[in-house]
Amino acid sequence: MKKDAFSIIGQSLPKIDAWAKVVGETRFADDLVMSRMAHGKLLRSPHPHALIKRIDTTRARALPGVYAVITGRDLPRVKFGILPVSQDEEALCVEKVRMVGDAVAAVAAIDEETAERATELIDVEYEPLRPLMSIEDSLAHPEVRIHEYGDRPNVHKAVALQFGDVEAAFAAADLVREDVFFFEGNTHLPMEQHAAVAQWGADGKLTLWSSTQTPHYVHRLLAKILDVPQAHIRVVAAPVGGGFGGKLDPFAHEIAACKLSQLTGRPVKITLTREEVFYVHRGRHPVLMWIKTGFRKDGAITGMHFRSWLDGGAYGSYGVASTFYTGALQTVTYKIPVYKFEGARVFTNKPPCGPKRGHGTPQPRFAMECQIDKAAEHLGLDPADMRRRNLAEPFVKTANHLTVTTIGLGECIDRVVEASGWRQKRGHLGPGRGIGIACSSYLTGAGTAIYWNDMPHSGVVVRADRSGLVAVLCGATDIGQGSDSILAYLVAEVLGIEPKEIRVHPADTDLTPVDLGSYSSRVTLMAGNAAIQAAERLREKIFEAVARKLEVAPDRLVAADRRVFVDGDAERGVDFAQGVVLAESMFGVLAFPGSYAPPKRAGKYKGGGVGPSPCYSYSACVAEVEVDRDTGQVTPTEIWIAHDVGRALNPVLVEGQVEGSVYMGLGEVLMEEQVFRKGVHKIPSLLEYKSPTTLETPEIHTILVEGADPEGPFGAKEAGQGPLLPVIPAVANAVYDAVGVRIDETPITPEKVTKAMEGKRHGKPGRVGPERLPVFTFPEPRVVESAFGQPADRITERPFSS
Amino acid sequence: MKMLLTLRINGEERDVFAAPHKTLLEVLREDLNLTGTKHGCELGECGTCTVLADGLPVLSCLALPVECQGREIKTVEGMARGGELHPLQRAFVELGAAQCGYCTPGILLTAEALLGDNPTPTRDAVKRALAGNLCRCTGYSKILDAVELAALRMRRDGSLPQLLGEVQPKASRADIKVDYE
């Protein structure tokens, strides 16, 4: 047994919660039932924009079976939001509603049906205001303000950053392209509707069980929203039935359940309907984009200028971060020596947008990778070769001061080119068939917390006792990606035991150390590193105790096969459980913390906090499609995707993340859209919101590329979000290869394809996409020197690492 | 107004006193505490609430219990025999076919009905059978693989091979270049 050989890592083991999930044992939030539990319902606004003149709850209160009815006036008058800079939400609106679906009142009753009937008996008098339903609308009507705050009327945030002289870069280019793209909004559509159960005990302490990806942020914000000390609140994360970013904010139903529980003295459960989930949203921002890039003849990029306009919806949510993300990661895939970014997020009277898988980066990635395809054609280059030649360098900084570590993108490109038969197929697939390529990169965890602080981003406690059982306590939430299992594998690897001997407990703010949440692909890396540290501290004590018994030096011991023994002499040792007994006898209670915070590498400029990450994953995708030349229907026939994951801690789980990402990307590029008509959501149901079934999902060929990254736990990088990004432009580029038309906006529907083909037949450019840009002057850019090519900061400087 | 219903669920007779307009989904979850059956859309589109009635998949959010009296209802809780998993459940565990696990009960039961009807389905037939069950996590690949594996094992007449031994992940893995530590 060598010290550097793995026994658990790299194995395709079942997830630790898989058995419970296949027999129906897993208790999701809506499966929780408590004695005396009341059922809650929210009354939501039917108007996109209106003043609330009066709310009369008399008739609802009189309905038999109703325990309590509340409005916003029953809650502390404080606004909240997930980001400290956007405190603009109310659980129950008091004076004004800003979208169809804003909650205005809540009921607790003996059952759900009675609660729903009671909401219908609440009389609300509204004074409708002009709804602003698009970026253009909101900018054209500054006199109608959705919020009183923001950088300008109806402009939530406008930012401008410049890293070096882009105009000089364009002057030095052989080809300068300007292109315009639009990415339609779409939603997460987790199969589980959000649910929460609140119990405000007679001792004045509150417990909330919720399907949330961020129990810590909910805990923090509930204290503010309810005006109760955080120490009196406990948040327990239920297993999440799909998140994808849709369960990252504190929501009205969670807050209303708490208040109703306080008033009724009963546990209160509120489960959203599918229609409500569409209103809660926080999904993909619709983004209009203009991109100007200079290319040399060999395809090298001389500089890039990127502008984005985000349709933010009615509230801030994560929007400021989303805005920066539409400009942050362009620089980490290819060499871009100078870069300028301008972005603006505009309020509209629609459900608020926020983070969906890839948070703010799939939109610009679509624009950029389609533009590169166009440039390659213009320059007479193979799009795969052009990308391959201009890859970013590992262990250097980008123009916008992001530190990149390992890059497996070159191998990713080679592998998908080879596996797909790219060279034989491109241009030779025959009428109506095409092939396209695109690349991408994504964060492995956001390098900065949502609120600035010097504490760990992730904490883990590993404890063991004489029973031989090892418990892992961590505030992270498993949303189906398998993060609890990853923690078990890592601890098992360090301690030389099996995952079955480890229990990973759900996030519970009373019991588990803080982890910031399941977002930005951060859990495997951050909680994983913390878990390794905690397990190593435990192992050190066990080694010390076993060493004394065996009369050897502790550094001669290894832990493997559920034993602790002298390296090279397996007979000389003890069972793991006996080792724990020896350590407990020697040191007392065995519980060890691990803490992780990312290296502090944020660029020293305002906005520099969005984009840094300990390391970045890379993906390359080749898509093959068939386009029906009569109907315009695009059918993806095969997808090849290679993903640089650093190290696959469990290959089957990594493949699952990659395949799920590909699937979601296909939905976004071909059919999914969150759209509105006359102020109303056109499709708030699964009947009309189209998403791919088994029949629309092609065979996906997954290739994992490994090259251990020094930042990741045993070298691992993220897998759950990055592989979504290249799928969308790869399909768009394949459609061009198939039928010679450019669809520069998502989704690529049959209507758009036939329209572009029709246009082409009549001598017009074969393109469908945005035709104009908003009249908008961005602020003067913050000018920062480009950090392109500078060596990476030293990697070892990480808080809490020793 | 409530009525007495007698349902046969997972091989047991159960008496339920429930309003006649309650759906089978609601009665299973709320009156019988069989919460393994999930809800996803409330209008018969997503397949999440699928149960079997006399071996055929039924969307429990659209079914009325009063119509189900005298039929053999099976939910996910009825798939395992004692402590032994159904081959489909076991394959889902081994191949990572359940991510969040929310759609899993409906998919397992739909697949069980398929294999009851056609023990040797092609991949296309599996796709067609599961086309009414949405999964937002997996991209379906692992689910299709798991159904195929279960079908294979069931054809071998119960002699189940050892866990994981015969199944290798499909991903090809490059050599690890950088040594950790």
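Modeller: A working rule before we start: two strands count as paired where DSSP finds at least two bridges between them. Strands (E, at least two residues) and helices (H or I, at least four) are DSSP runs, numbered from the N terminus. The model is predicted, so local features need pLDDT of at least 70 and side-chain atom pairs pLDDT 80 or more, while totals for chains, interfaces and linings use all residues. Residues are numbered from 1 along each chain as its sequence is written, and chains are lettered from A and ligands numbered from 1 in the order in which they are written.

Biologist: How do strand 23 and strand 24 of chain A pair?

Modeller: Strand 23 (residues 563-566) pairs with strand 24 of chain A in the antiparallel sense, over four bridges. A:Val564 stands opposite A:Val574 of strand 24.

Biologist: What is the strand order of the open sheet in chain A?

Modeller: The order is 22-23-24, three strands with antiparallel pairing. Strand 22 (557-560) and strand 24 (569-575) of chain A are the edges, each pairing on one side only.

Biologist: Changing topic, at what angle do helix 15 and helix 16 of chain A pack?

Modeller: Helix 15 (residues 523-550) and helix 16 (residues 576-587) of chain A pack at about 95°, with their axes 8 Å apart. Axes are lines fitted to C-alpha atoms, for helices over the stretch in contact, and angles run from 0 to 180 degrees between N-to-C directions. The two helices of chain A are therefore roughly perpendicular; angles of 65 to 115 degrees count as such, under 35 as roughly parallel, over 145 as roughly antiparallel and the rest as oblique.

Biologist: And helix 3 and helix 4 of chain B, what is their packing angle?

Modeller: About 130°, with the axes of helix 3 and helix 4 of chain B 10 Å apart. These two helices of chain B are therefore oblique to each other.

Biologist: Which residues of helix 3 and helix 4 of chain B meet?

Modeller: B:Leu88, B:Gln89 and B:Phe92 in helix 3 meet B:Thr104, B:Leu108, B:Ala111 and B:Glu112 in helix 4 of chain B. Contact requires that C-beta atoms, placed from the backbone, lie within 7 Å.

Biologist: How many residues of chain B are in contact with chain A?

Modeller: 52 residues of chain B are in contact with 56 of chain A. On the chain B side, helix 3 (87-95), helix 4 (104-117), helix 6 (141-155) and strand 6 (172-173) each give two or more residues. Helix 3 of chain B gives the most to that side, with five residues.

Methods. Contact = placed C-beta atoms within 7 Å.
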